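The sequence and structure are shown first.

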Amino acid sequence: MTFWNDPVNFIGQWLQSVLVSWGVAPDVAQIILLVLGAGILGVLGLVWVIFLIWYERKIIGRMQDRLGPNRVGPWGLFQPFADMFKIFTKEYITPDGADVVPYNLAPVLAVAGTLMIWGVIPFASTIFGADISVGVLFIIAAGAIGELGILFAGWGSNNKYALLGAFRSVAQLISYEIPMVITLLIPVMFSGSLSLQTIVQSQSLWYVLLAPVPALIFLITQIAEVGRAPFDLIEAESEIVAGFNIEYSGLKFGMFFVAEFLHAFTAALLFAVFFLGGWRGPFAEQFPLLGFVYLWIKTFAVYWFTVMIRGTVPRFRIDQMMDINWKMLTPLALVMVLVTAVVHALVRPIGSPVVSLVALLVANLVMLVITLQFIRNSARARRRPMVAPSTVVVARPEPQPTQSNPE
Amino acid sequence: MTIQQVFFLAVAAITLFAAVMVVSTRRIMHAALWLILALFGVAVSFALLETGFFAVVQVVVYIGAIAILIIFAVMLTRQVFLDVGPQLNRGWWIPAVLVAGLYAALVGVLSTWSGFQTQAAALPEAASDLSQFGLALVDVNAYAVPFEVASVLLLGALVGAIFVASDRKGVER
């Protein structure tokens with residue numbers, strides 16, 4: 001193992017040997033390294049947000065026929081730093097009657113709920129925080145902690161708008177968790193494991209090819225979980241008084257934004273891991289660093305797509321948002337799990353990946369066509385007027401006989 | 001003392017303190033928040049016992065679903081829900097003595113067990129394999145019947161929730 005092959009584990013082993021040579025017990029050294037690794041991963045995740053903010057503002061700017069940030073540094077790269085230093089200097093205002101502990105804990109939990117996910121993501125074949133056997137469930141649990149942060153913010157602020165905003169947010173997050181969890185069953189079913197590393201390793205065929213419809217459902221639910229356009233009605237700035245974070249100022253407010261940007265990127269990361277093969281690619285096993293590059297390319301492709309959606313799709317109303325989830329995504333996800341399980345079990349004895357691919361693709365296509373037909377029918381039923389318009393007799397000028405040529 | 005034992009003692013102390021605060025705090029909202037800390041402590045205890053599945057399920061089910069449900073219920077009922085008046089009645093020492101006696105008896109019985117002083121053996125690698133657990137849930141000779149009965153219970157709860165929440169046609173509310 002050389003440095004360029006696998007830098008993270010190389011440095012880890014070197015540090016371990018240094019600590020042991022200093023007389024630290026090996027298991028204590030192991031724990032020191034784990035804490036150090038978790039700290040570095042968390043700091044890198046938070047620093048990465050600075051780049052994400054610039055990237056997203058730039059794309060959105062171009063989509064809206066603007067230049068985006070372009071004054072501070074080359075291509076405006078240092079604009080987020082300027083914003084960051086501004087927000088550092090702002091005053092923290094704690095509202096009267098706030099419940100101080102939940103109020104201050106909320107931004108921390110919001111960021112932690114996202115950063116915890118990074119702990120189980122396999123960034124490369126050898127670079128990962130922890131390859132736990134229940135990784136998929138861990139991700140769902142981390143999402144629950146993010147929701148807790150939002151509830152704490154709503155309760156602690158002592159503000160009815162914040163409380164209503166928190167209700168709205170948590171109602172949306174809990175609702176969209178259901179199709180998300182159901183679609184996550186499909187990669188678990190294909191790979192036979194809840195561990196993210198095993199899910200990535202078993203994707204010799206990307207799962208997005210085997211299960212395109214569940215992949216799409218997962219992407220939609222992830223966008224809703226992040227709470228971005230078109231699902232940003234929980235804090236629609238132009239229509240209502242923001243949301244659960246209305247009473248926050250300074251860096252505490254900034255932390256909620258950090259959590260949102262980080263969550264948006266993490267959603268793309270999860271999609272890449274579950275459906276796009278994660279770090280898999282040519283030579284990724286021999287050169288783990290290359291796997292990291294593959295994962296980042298895939299993630300940025302998905303992230304770019306979600307930003308495009310954010311920039312183009314108008315906001316849903318709350319009834320539409322709930323309708324999409326409960327009347328379309330949840331039943332479709334349930335049916336897709338059944339269909340995929342049956343088709344997968346039928347074609348697996350054949351043992352040919354091509355047959356599996358074709359059979360699952362056809363099954364997905366059939367389900368997609370049926371779903372679209374349902375949507376079309378229900379839209380038509382909604383458009384049909386309750387009372388048929390009666391034929392009203394209207395005085396209509398009689399067609400005049402064409403005049404003959406004037407004499 | 002190994003690092004794991006230090007961890008366990010700290011987590012146990014935090015969990016117990018949070019559990020006591022759940023019943024002794026006066027604001028019911030704070031009680032819900034302390035309950036979350038106590039449940040989280042239980043999850044960490046599961047993790048220390050190398051049962052990652054139960055640790056994560058503890059967080060998903062108890063914190064992600066039940067605690068949030070409790071908070072919703074508390075928030076939707078009354079605004080502050082501040083409890084006034086004495087929290088103990090005159091007979092508080094009877095359960096205290098009973099519980100202390102029960103604790104002493106349990107420790108006494110357990111200390112006669114041969115495995116009381118030994119260190120916990122490391123779990124075999126296969127113990128983290130969840131497929132055995134999953135198969136046991138659908139095996140008729142194992143836990144298929146309790147699992148299905150639990151599903152029926154949940155179905156009953158679902159039907160009840162829909163019945164309570166639905167707008168029945170022709171019924172004035």
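**From loop to interface**

A:D65 is found in the loop that joins α2 to α3 (79-88) in chain A. The model is a predicted one, and the backbone at this position deserves attention: A:D65 is not a glycine, yet its phi is positive, at about 60°. In general, most residues other than glycine have a negative phi. Is A:D65 buried or exposed? Because A:D65 has 6 C-beta neighbours inside 10 Å, it counts as exposed.

B:E50 lies in the loop between α2 (28-48) and α3 of chain B, and its phi, near 65°, is a positive value in a residue other than glycine. B:E50 has 12 C-beta neighbours inside 10 Å and therefore counts as exposed; the cut-off for that class is 12 or fewer.

Chain A contains 13 helices and 0 strands. Its C-alpha atoms fill a box of roughly 120 × 65 × 45 Å along the principal axes. Of the 407 residues in chain A, 39% are buried.

Helix α1 (residues 7-21) of chain A packs against α2(A) with the axes 9 Å apart and at an angle of about 135°. That angle makes α1(A) oblique to α2(A), and the crossing of α1(A) past α2(A) is right-handed. On the α1(A) side the residues concerned are A:G12, A:L15, A:Q16, A:L19 and A:V20, which meet A:P26, A:A29, A:I32 and A:L33 of α2(A). By class, this contact of α1(A) with α2(A) has 7 nonpolar, 2 polar and no charged residues.

A second pair lies further along the chain. The axes of α10(A) and helix α11 (residues 288-312) of chain A come within 8 Å and cross at roughly 120°. α10(A) and α11(A) are therefore oblique to each other, and their crossing is right-handed. From α10(A), the contact draws on A:A264, A:F265, A:A267, A:A268, A:L269, A:F271 and A:A272, and from α11(A) on A:L295, A:K298, A:T299, A:V302, A:Y303 and A:T306. Sorted by class, the contact of α10(A) with α11(A) has 10 nonpolar, 2 polar and 1 charged residues.

The largest nonpolar core has 114 residues. Those with the most contacts inside this core are A:I121, A:F138, A:L151, A:F271, A:F274 and B:I36. Which helix gives the largest share of this core? Helix α10 (residues 250-275) of chain A does, with 17 residues.

A:F138 leads on to the meeting of the two chains. Leaving aside residues up to four places away in sequence, A:F138 touches A:V120, A:I132 and B:V56. Across the interface as a whole, 19 residues of chain A are in contact with 17 residues of chain B. On the side of chain A that touches chain B, the elements giving two or more residues are α2 (26-63), α5 (135-156) and α6 (160-191) of chain A. Of these, α5(A) gives the most, with 9 residues. This side of chain A divides into 16 nonpolar, 1 polar and 2 charged residues.

The partner of α5(A) considered here is helix α3 (residues 52-77) of chain B, which packs with α5(A) at an angle of about 25° with the axes 8 Å apart. α5(A) and α3(B) are therefore roughly parallel to each other, and α5(A) passes α3(B) in a left-handed crossing. Residues A:L137, A:F138, A:I140, A:A141, A:A144, A:E147, A:L148, A:L151 and A:W155 in α5(A) meet B:V56, B:V57, B:V59, B:V60, B:I63, B:G64, B:I68, B:I71 and B:M75 in α3(B). By class, the contact of α5(A) with α3(B) has 16 nonpolar, 1 polar and 1 charged residues.

Technical notes. Residues numbered from 1 in each chain as written. Chains lettered and ligands numbered in written order. Predicted model: local features only at pLDDT ≥ 70, side-chain atom pairs only at ≥ 80, totals over all residues. Contact = placed C-beta atoms within 7 Å. Helix = DSSP H or I, 4+ residues; strand = E, 2+ residues; numbered from the N terminus. Nonpolar A, V, L, I, M, F, W, Y, C, P; charged D, E, K, R; others polar. Axes fitted to C-alpha atoms, helices over the stretch in contact; angles between N-to-C directions. Parallel < 35°, antiparallel > 145°, perpendicular 65-115°, else oblique. Left-handed = near helix turned anticlockwise from the far one by under 90°. Core = buried A, V, L, I, M, F, W, Y, C linked by C-beta atoms within 7 Å. Buried ≥ 20, exposed ≤ 12 C-beta atoms within 10 Å, placed from the backbone.
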